[in-house]
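This briefing goes through a protein model by topic. Look at the sequence and the structure first, then read the points below.

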Protein chains: 2
Amino acid sequence: MMKNILLASTSTLFGEEYLAYLLPELKSFFKDISEIIFIPFARPGGISHDEYTEKVTEVFHSLNIKVSGLHTFTDPVEAIQKAEGFFTGGGNTFLLVQQLHQLNLMEDLKMAVEVGTPYLGTSAGSNIGGLNMKNTNDMPIVYPSDFTTMGLVPFNINAHYLDPDPNSTHNGETRETRIKEFHVFNDTPVVGLREGSWIRVQGEQVTTAGNKPSRIFRQGMAPYELEPGSVLRF
Amino acid sequence: MMKNILLASTSTLFGEEYLAYLLPELKSFFKDISEIIFIPFARPGGISHDEYTEKVTEVFHSLNIKVSGLHTFTDPVEAIQKAEGFFTGGGNTFLLVQQLHQLNLMEDLKMAVEVGTPYLGTSAGSNIGGLNMKNTNDMPIVYPSDFTTMGLVPFNINAHYLDPDPNSTHNGETRETRIKEFHVFNDTPVVGLREGSWIRVQGEQVTTAGNKPSRIFRQGMAPYELEPGSVLRF
């Protein structure tokens, strides 16, 4: 089977329901699939893994797809190997990466996706599709044993990409400055995914998608915009 | 000698010159000191360590204080032990912590400050005065071997603390949400330092200072505000 991956900047557009803007896309993405495994580990409290899984279950009900939380399996490696599809939700990327490394599941998940099991990620769940988590916007509330992630695509993702606010009086760096500073120490390309945009992998083809252009950052080059539907080739 | 520490949220207020708002305070803070060591390691490019040190040198000239960059010493441990005072500037906290651990200087710096050598930090330089760097806002552009920092104060600092923007249509978490999520996994108190505020340590007394209240976050408690001049006791 060929690779089938969707990495979205966000789960929810402002004022909309959870995953609503992605539903038309997910209908074809998860076609002929009756059950997926949901990975809730990014969620740092607020709601439990069970509650987070329930929220996802309700949305996938409209697609006639059953949802099981990865945290409910006694043998999660076997569950990953047998899965028909995956969805990793957002939360805190440090926590998600720390958990997947601690449970020794990062490599198994990567292998299952690389042989063709469809993988949907949003936010932190998309960040782990990149080579490493060094372009997350999250707070390092836990210490992961490693920043390496699945490398389903040959670049990193900056989810929730934000353009500079010309009216800001605050001294925090802009997102663009942070990514530029990343490129002082790293040569990995970074795709800044604005909310409403996503990356689609079908076999060896990687394209941008959604309602906004993506911003591409490469070491030693000026950043540039790519319209939805563009092929990403580095 | 007693501990003498100033940990500021930011180096620069909007529209002002570098360190300008702190100068009156620094005049008494660094009284009778003729030379300090500047630690430029947080700076992730843009300007070199030499250029960053030169920028600081110009400001300290008005206080009649000479500045030497820590990166210029062949024996930085000896330099730290003999120093009359320290200033660690801002930049990227991951980079600063990674560098200080890699060069094996975190512990020496801590010891020198604990026996009374005055320490000024701004932004990333203040974050390393806390117990660990888990409340930085920075992007993890490098992987530190450890998140532990100097623990000059018995809490963590969130520099550049920002109140929630009621008009935001963006899905990033607010600063308050991030710190609340930190407290799911950690019981370390966090002081949210708004720009223009700082923490002052004189011997065993730790107080808030500056032009704005600080916001205090403790595990299992509602956040609360502390006016400048309040004693921090956890």
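How many salt bridges does the structure hold over all chains? The model, which is predicted, holds 18 of them over all chains.

**Salt bridges**

- Lys82(A) and Glu78(A) form a salt bridge in which the closest N and O atoms are 3.0 Å apart.
- Both residues belong to helix α3 of chain A, where Lys82(A) and Glu78(A) are four residues apart, or about one turn of the helix.
- Lys82(A) counts as exposed because its relative accessibility is 62%, over the cut-off of 50%.
- Glu78(A), at 36% relative accessibility, counts as partly exposed.
- Another salt bridge joins the side chains of Arg194(A) and Asp163(A), at 2.9 Å from N to O.
- Arg194(A) is in strand β7 (residues 190–194) of chain A and Asp163(A) is in the loop between β6 (156–161) and α7 (175–185) of chain A, so this pair ties together parts that are 31 residues apart in sequence.
- Arg194(A) is buried, with a relative accessible area of 9%, whereas Asp163(A) counts as partly exposed at 40% relative accessibility.
- Arg194(A) and Asp163(A) also belong to a network of salt bridges that links them with Glu176(A), Arg215(A) and Glu225(A).
- In chain B, the side chains of Arg194(B) and Glu225(B) meet in a salt bridge of 2.9 Å, N to O.
- Arg194(B) lies in strand β7 (residues 190–194) and Glu225(B) in strand β11 (residues 224–226) of chain B, so the pair ties together parts 31 residues apart in sequence.

**Aromatic rings**

- Over all chains, the structure holds 22 aromatic pairs.
- One of them is the edge-to-face pair of Phe38(B) and Tyr52(B), with 4.9 Å centre to centre and 90° between the planes.
- Phe38(B) also forms a tilted pair with Phe87(B), at 5.2 Å centre to centre and 45° between the planes.
- This second pair links distant parts of the chain, since Phe38(B) is in strand β2 and Phe87(B) is in strand β4 (residues 86–88) of chain B, 49 residues apart.
- Phe38(B) and Phe87(B) are both buried.
- In chain A, one aromatic cluster is formed by Phe29(A), Phe30(A), Phe38(A), Tyr52(A), Phe60(A) and Phe87(A).
- Arg43(A) lies over the face of Tyr52(A), 4.2 Å from the ring centre.

**Helix α5 of chain A**

- Leu109(A) is found in helix α5 (residues 106–114) of chain A.
- Leu109(A) is buried because its relative accessible area is 0%, under the cut-off of 20%.
- Beyond its neighbours within four places in sequence, Leu109(A) is in contact with residues including Ile39(A), Phe86(A) and Met150(A).
- The buried residues of α5(A) pack against elements of chain A including β1 (4–8), α3 (76–82) and β5 (119–122).
- Just after α5(A), Gly116(A) has a positive phi of about 120°.

**Contact between the chains**

- The contact takes 42 residues from chain B and 42 residues from chain A.
- About 3,400 Å² is buried between chain B and chain A, and carbon and sulfur atoms give 61% of this area.
- Zero salt bridges are counted between chain B and chain A, while eleven residue pairs are in polar contact across the interface.
- On the side of chain B that touches chain A, α7(B) gives the most, with seven residues.

Note on methods: Residues numbered from 1 in each chain as written. Chains lettered and ligands numbered in written order. Predicted model: local features only at pLDDT ≥ 70, side-chain atom pairs only at ≥ 80, totals over all residues. Heavy atoms only, no water. Helix = DSSP H or I, 4+ residues; strand = E, 2+ residues; numbered from the N terminus. Buried < 20%, exposed > 50% of the residue type's maximum accessible area, 1.4 Å probe, protein only. Contact = heavy atoms within 4.5 Å. Phe/Tyr/Trp six-rings, centres within 6.5 Å; stacked < 30°, edge-to-face > 60°. Lys NZ or Arg CZ within 6 Å of the ring centre and 35° of its normal. Buried area = accessible area lost by both parts, 1.4 Å probe. Salt bridge = Lys/Arg side-chain N within 4 Å of Asp/Glu carboxyl O. Polar contact = N/O pair within 3.5 Å; in protein donor to acceptor, adjacent residues only side chain to side chain.
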